[in-house]
Structures are given as C-alpha cells and as structure tokens.
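The sequence and model are shown first.

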Amino acid sequence: MTATSGSIRPPRTLDDVKGWFPVLDQVLFDWFLDRQESSGLRGDLLEVGVYMGKSAIFSGRHLREGERYTVCDLFEGDAPDDANRAESVKSYSALTRRVFEENYLAFHDELPRVLHGPSSVVPSEVEPDSCRFVHVDGSHLYEHVEADITAARDALLPGGVVVLDDFRSEHTPGVSIAVWEAVLNRGLRPICLSTQKLYGTWEDPGPVQEELLAMVRARTDCHLSVQEAAGHRIVRLKSNGMKAPSFPPSRHHLAEPEAAPAPAEPRAATPASPVRGRYARRIAKDLLPPVVTRALRNARGTAR
Ligand SMILES: C[S@@+](CC[C@H](N)C(=O)[O-])C[C@H]1O[C@@H](n2cnc3c(N)ncnc32)[C@H](O)[C@@H]1O
C-alpha cells in the first residue's frame, strides 16, 4: 500500500500528513471515541505504530482533561529482529521521530508520551486497565501482532475498544492470522470491520453493535453487511463516497503560499465586469505575495 499525501513542507491540513488513515476509519474513530466521552468513560489512549502521525494527530483531538496519550514507534531505531528490520526499511525508510513530532505539534500544543522503540516495551510502560482506546498499527509480523494484541487486552479498561489495522490486507497475512486467532481462541469479539481495520472488545459487543448499526443505517454513504461466523456477529462497513470528518487546520495553514500563480496577461478584447474585477482583486490580495500585489496595484495606478 502506498502512503497517501505527503510533502516536506509543514502540513496545513491533516490531508497533508503522509500516512494510512482512510476516511471510513476517521468517521469510526470519531464515533467510538465520542461515544465513550458522552457516556462518561475516561481513560488513556494508546497507539502502536504512528508513522508520520496521521491517525495519532486525529485521535489526539479526543484527549480529555486528566487523560494520557502514549504512542510507540521504532522510528529510525533498531528493529528487534531481521524480519522487522526488513519491513521497516522497505516501507518506512523516510520516517524519523522528528518528522512525527513536528507534524503532531503542527496540530496540537503538546506531544503525546513517545515510546521510541519496539512495541514489546508497551506492557512495562502502560498500566494495565488504563486505556479506553488502543490502536494497533505497528509491525505486520505475526509474533509482534500477537504480542501487541495481548498488550492491548491488558491495557484496556472495561468499555475500552481495540482497533487492529491491516487485518486483511494482501501483504499482511501475519496480521490476519494473529487477529483471527485472537477472535477464535483468545476472547476477542469483533464489533465491526472496516475495509482496513477490525474494531473489537473483550466484552459483549452486542450493545455497541446495536448503536453502531443504528448510526450506519441512518447514513446513505456507508455500505453495511451483517454476517454470522463461528458464533460472532460480523458487521462489515464500507465507504460509499464518505466525506472525511472536519478536522481543524494546522497552525501553518495561514502561511504564505510557496509558489504564487503568475498574474494573467490583461485581455484587451473583453473588459472584465466590475464584480469579476473586484472578486479577482480580492482573491489576488489573499493569495499573492505582498510584493506582487503591490506591483499590480502600481501598474493599475499608472494605467489609469
Ligand atoms: C503502517 S505504519 C503506521 C501508520 C500510521 N498509524 C498512520 O496513521 O499513517 C506502521 C508503523 O509501525 C512502526 N513499527 C514497525 N514495527 C514496529 C515495532 N516492532 N514496534 C513499534 N513500531 C513498529 C513503523 O515504524 C511504522 O511507523
């Protein structure tokens, strides 16, 4: 899979942050986190595998007073084994902790607590029963994902939700095996599946599924299918032209545009209507660097 968006310029919107975080999952993260917040559930947030920060920045907006946000990534550090090292070199070679932190601070005043290293450090760093939301999006190798699922289970509070990324991508069979093994043998209960992620709990998923089904049935932009498998109700969701939830722009969004469009040559044959002229001048004032706007104004003054 190719990471979406990205540039070396500071991000102005979440879309500018390189990464993997589909619109359907943005909608679902908001829905699950809002639901916890409105029901009064308080607890920490945890993300394993942040890359350049796309999903971490998004979830960070849900952090409430007194809650802690912990993220964990290898960044440019040493992977714990050769397979994990090969995976990181192949897919995440441009990643550095500095890029993650700069991206995060473009949208938030404070960084989360950063565990810089393999996710095997999570169990000793994150208190048992402390988290309401855990997003596992790190290594795709079976041994790591199996351990990450155990760490997520231990970290979650009652009412907590785990999200497991890439549970069915073509290139991630290790994740699929670890996830379905946890469902079949280790008490993980699926709440729903998006195209890329499995949302689960170690409690009865019935009540949250009912609320989710009601939300989805009231929308026209989400395909829904419900199936039974091995005693589990599988709620499968797929975007049908969903729009991303609104997300505030970064602190860089008002920065001067880098390359201003060249001013168009005046067209002698069709004089511009006064409204179009005024509108165009306003746009030019907003978009062009001051030096160009001044030059245009002077040129207009000379021509009169
Ligand atoms: C698919 S990317 C994460 C995408 C990110 N959540 C987003 O929103 O774009 C996977 C990340 O997991 C990290 N990673 C890989 N193996 C890891 C491990 N053993 N422990 C911690 N992080 C790991 C990689 O460095 C990479 O940043």
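Which pocket is the space taken by the ligand? That space is the second largest pocket. A pocket is an open set of points on a 1 Å grid over the protein atoms alone, with protein on both sides within 12 Å along at least five of seven lines; a molecule sits in one if more than half of its atoms lie within 2 Å of its grid points.

## Basis of the model

The model is predicted: local features need pLDDT of at least 70 and side-chain atom pairs pLDDT 80 or more, while totals for chains, interfaces and linings use all residues. Residues are numbered from 1 along each chain as its sequence is written, and side-chain values use heavy atoms, without hydrogens and water.

## Ligand shell

Around the ligand are 20 residues, of which Trp20, Ser55, Asp73, Asn84 and Asp137 come nearest; a residue is near if one of its heavy atoms lies within 4 Å. The shell comprises 7 nonpolar, 9 polar and 4 charged residues, with Gly counted as polar.

An oxygen atom of the ligand is 2.6 Å from a side-chain N or O atom of Asp73. Nitrogen atoms of the ligand lie 2.8 Å from a polar side-chain atom of Asn84 and 3.0 Å from a polar backbone atom of Gly49. The protein covers 99% of the 610 Å² of accessible area (Shrake-Rupley method, 1.4 Å probe) that the ligand has on its own.

## Aromatic pairs

The whole structure holds 15 aromatic pairs, defined by ring centres within 6.5 Å. The rings of Tyr51 and Tyr92 have centres 5.6 Å apart and planes at 55°, so this pair is tilted, being neither stacked (under 30 degrees) nor edge-to-face (over 60). Tyr92 belongs to helix 3, and Tyr51, 41 residues away, to the loop between strand 1 (44-48) and helix 2; helices (H or I, at least four residues) and strands (E, at least two) are DSSP runs.

Note on methods
Polar contact = N/O pair within 3.5 Å; in protein donor to acceptor, adjacent residues only side chain to side chain. 1 Å grid on protein atoms, 1.4 Å probe; cavity = no way out; pocket = protein on both sides within 12 Å on 5 of 7 lines; lining within 4 Å. Phe/Tyr/Trp six-rings, centres within 6.5 Å; stacked < 30°, edge-to-face > 60°.
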